[in-house]
Structures are given as structure tokens and as C-alpha cells.
Amino acid sequence: MRYLMAAHTDVGIKKKTNQDSYMIKEAQTKLGRVFFCVLCDGMGGLANGELASAAVIRAMEQWFETDFPQILRQVTDVEEILEKVKNNWYGTANILNLQLAQYVEGTGKRMGTTIVALLMIKNEYFIMNVGDSRAYAISNQVYQLTKDQSLVQQQIDLGRVRPEDAERHPQRNVLLQCIGASEEVLPDFYRGTVLPGTLFLLCSDGFRHEISEQELFMQLNPSGLVNEEKMKERLVYLTELVKSRMEMDNISAVAIKAVQEG
């Protein structure tokens, strides 16, 4: 399997700084190509959110370059690899949570960030999610792979809010968890099979608030995305579309298309 990749980020129409951060890595290993991507949406005002998201990105990049190769040297079974990855990511998320909290201790300020991380190895995908950034898979339709750790999603699960009302709910930005402002971080983990021709999308909430799943499918239907230039073009188009609809947040998205080699 090989991967086509495109990414785009925009400060948006209101904020002075872009508090979103993302990172994309690819490596050739004894198990074939491995693809790793992380997207974070920082919060905390001015530079604090930017610092939080950047700190998490750096830590996850270091994990991929240092800890992950050690895992691959120790084990070759994908089940064991992903179990070790899960434990690593859980520990990293909670160490970062403590470090960010300590950074602003005594200042009266708070800072934090969401994270959605995607690892593809041996035709398997593995995702960690904290907060309300999302991962989607797009093939014959749009599949939301992650569930928001948000107050509105909790109310949907309890039957108190209709799913169709979520994006307009006045508390749509209230998170139940984020890295940096939670007592303990409890990430959600997801796993599945990477099918050739599938497009994976990681995005901050600013990217998705003002567009429908139908519009996502129309623009990011993988059958029409034959190269990275076309993928980038569609991400830019969708970003400008949400800006025209007065989205106030930073806007970021990464698209990865899995392509069968040979």
C-alpha cells in the first residue's frame, strides 16, 4: 500500500493566531510502509493554544522517530505492535497533560489541545482521539471514525440533543477532555482495515462545522482524487467555503488516500 497525502491549514477570518498544528510522517519498515499523522487543535487564548498543540505534535513526532522503531525491533506481530502503541500513546497523552498543566500553574491561565492521531501499518489503521477533532474514512460514503469527547456528544448519547442539532448547539465547543486541562486523559482508540481507494480525513472542528457530510463526499470522493494536487485543491476549496460561511475558528485538515501498489 502507498499513500497520497495533502494538508491545508488556515487561521480563519477572526483569530489572530493559528492554534492548530499537524504532522505527517512516513517510513519504510520491515513490515512495509508505515504512515503516521497527528492533528491538534489548541486552546487557551493567544499563544497558549498554539504552544499546547505544538508541544503535543513535537512529542508525537519524537515518539515516531525514537520509540516506534524500538517497538518494531521488539515484535513483528501487528496485534502486539498495536497494543504497545496504545500503551505508549496513553502514557504520552497523560505525561503531556501533566506537563502543560504544570507550565501554567500559578498563572491563573489554562491551556490545552485536542489530538487525533492515525497510524497505518500492514493494511490496518489505528486511531487515538482526545477532544473533538475528528477522523473520517471516505469511500462509497462518509464514515465518521471517531466520536467527539464533548458535552454535546454526551447529550446526544443520552438522547437529550438530536444529532442534527449538534452543529448549531450553543455549547458545541465545550469539551469533556483535552490534553492540558483534564485531571486524567482517557483517550478513545479505534482500529480497522485500510481498504485500497479509501481516503482518510483528519480535521479540526473549524473545518467541519459549516459543511455537511454530503459536501464532504462531493469534494473528497476518492474516486475523483487521482493525485495529491487535486486533493490539496479540494481541501483549499472546502476551507474557503467554510470561511465564506463565517466559521470563526482556525481551519485544518489532512487527507490521506490509500492506493494499492502494483
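Colleague: Is Cys-37 buried or exposed?

Modeller: This is a predicted model. In it, Cys-37 counts as buried, because its relative accessibility is 0%.

Colleague: And Cys-40, buried or exposed?

Modeller: Cys-40 also has 0% relative accessibility, so Cys-40 counts as buried.

Colleague: How many disulfides turn up in the whole structure?

Modeller: Zero, from a search of the whole structure. For Cys-37, the nearest cysteine sulfur is that of Cys-40, 9.8 Å away.

Colleague: What is the nearest cysteine sulfur to Cys-40?

Modeller: That of Cys-37, at 9.8 Å. Cys-40 is in no disulfide either.

Colleague: Switching to rings. How many aromatic pairs are there?

Modeller: The search finds eleven across the whole structure. One of them joins Trp-63 and Phe-64. Their centres are 6.4 Å apart, with 45° between the planes, and the pair is tilted.

Colleague: Are those two buried or exposed?

Modeller: Trp-63 is buried, at 1% relative accessible area. Phe-64 is buried too, at 7%.

Colleague: Which pair links distant parts of the chain?

Modeller: Tyr-125 with Phe-200. Tyr-125 sits in strand E6 (residues 124-130) and Phe-200 in strand E10 (residues 199-203), 75 residues apart. The rings are edge-to-face, 5.4 Å centre to centre, with 65° between the planes.

Colleague: What is the relative accessible area of each?

Modeller: Tyr-125 has 11% and is buried. Phe-200 has 2% and is buried.

Colleague: Which residues do ring pairs link into a cluster?

Modeller: Phe-36, Trp-63, Phe-64, Phe-68, Trp-89, Phe-126 and Phe-189.

Methods
Residues are numbered from 1 along each chain as its sequence is written. This is a predicted model: local features need pLDDT of at least 70, side-chain atom pairs count only at pLDDT 80 or more; totals for chains, interfaces and linings use all residues. Side-chain values use heavy atoms; hydrogens and water are left out. A disulfide is a pair of cysteine sulfur atoms within 2.5 Å. Buried means under 20% relative accessible area, exposed over 50%, partly exposed in between (1.4 Å probe, protein chains only). Rings of Phe, Tyr and Trp (its six-membered ring) pair if their centres lie within 6.5 Å; planes under 30 degrees apart count as stacked, over 60 as edge-to-face and the rest as tilted. Helices (H or I, at least four residues) and strands (E, at least two) are DSSP runs, numbered from the N terminus.
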